[in-house]
Amino acid sequence: MARPREFDEDRVVTAAMETFWRHGYEGTSTRALCDSTGLGPSSLYNTFGGKRQLYLRALQRYYETSTAEQIEILRGEGTAKQRLRDMMVHAVDADLDEADGRGCFAINAAVEIGGLDPEVKDAVRRNFDRVEEELRTVVTTGRRTGELRSTADAVAVARRVQSTYYGLRVIARVQDDRQALLDTVESTLADL
């Protein structure tokens, strides 16, 4: 089947990302990808090399959109603690607002197949490493201004915040009590 004339690779990858995000890698059939992207099976394979390659492209798209959004929040206005709070609260609210409870695509990928597929593991790790790098910058700034008191290594503090952040993203899939999640945010920040 030939590519449709209106073929838009960005749109196709975004549609595939949404499909994988909702159903997971294993739960997404080639038929579901064709339905969501508008491509026929041969076009999907000819253009992207198959389901797995399209999944890797979808993880890259997530990095370019959702991870970039996290970075933007961390680089935003306000004190170090405010920016850390904003990132975590944004995730809590986004996860609680999702009717389908899909959570974080990168976490879902890490849990579902990250341990089985080295390329998926590397793609997820790039997402996590980039967030960790930005968190370290915020922590370093907060220490320099005297706002953060923790004497632990900046990387260790960034990793603690990141672990809390990703933990909140997982817990929000089953915990619908916003205040319970916000209590975790506030106690984490108080310890910094």
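A residue counts as buried when its relative accessible area is under 20%, as exposed when that area is over 50%, and as partly exposed in between, using a 1.4 Å probe and protein chains only. By that rule C34 is buried, because its relative accessibility is 4%. C104 is buried too, with a relative accessible area of 2%. The structure holds zero disulfides, a disulfide being a pair of cysteine sulfur atoms within 2.5 Å.

This is a predicted model, in which local features need pLDDT of at least 70 and side-chain atom pairs count only at pLDDT 80 or more, while totals for chains, interfaces and linings use all residues. Residues are numbered from 1 along each chain as its sequence is written, and side-chain values use heavy atoms, leaving out hydrogens and water.

Now take the chain as a whole. It has nine helices and zero strands. Both kinds of element are DSSP runs numbered from the N terminus: helices are H or I with at least four residues, strands E with at least two. The C-alpha atoms fill a box of roughly 60 × 30 × 30 Å along the principal axes. The chain has 192 residues, and 47% of them count as buried.

Contacts come next. A contact means heavy atoms within 4.5 Å. Among contacts between residues at least 6 apart in sequence, 68% join residues at least 24 apart.

Then the charges. The chain carries 27 positive and 32 negative side chains, and the centres of the two sets lie 4 Å apart. Lys and Arg count as positive, Asp and Glu as negative; His and the chain ends are not counted. Each charge is placed at NZ of Lys, CZ of Arg, CG of Asp or CD of Glu.

Helix α8 covers residues 154-171. The buried residues of α8 include A154, V157, A158, V161 and Q162. Also among them are Y165, Y166, L168 and R169. Their cover includes α4 (51-74), α5 (80-97), α6 (105-114), α7 (118-144) and α9 (178-190).

Is R130 buried or exposed? R130 counts as buried, because its relative accessibility is 16%. Leaving aside residues up to four places away in sequence, R130 touches Y63, I71 and R75.

Note on methods:
Expected span 1.5 Å × (residues − 1).
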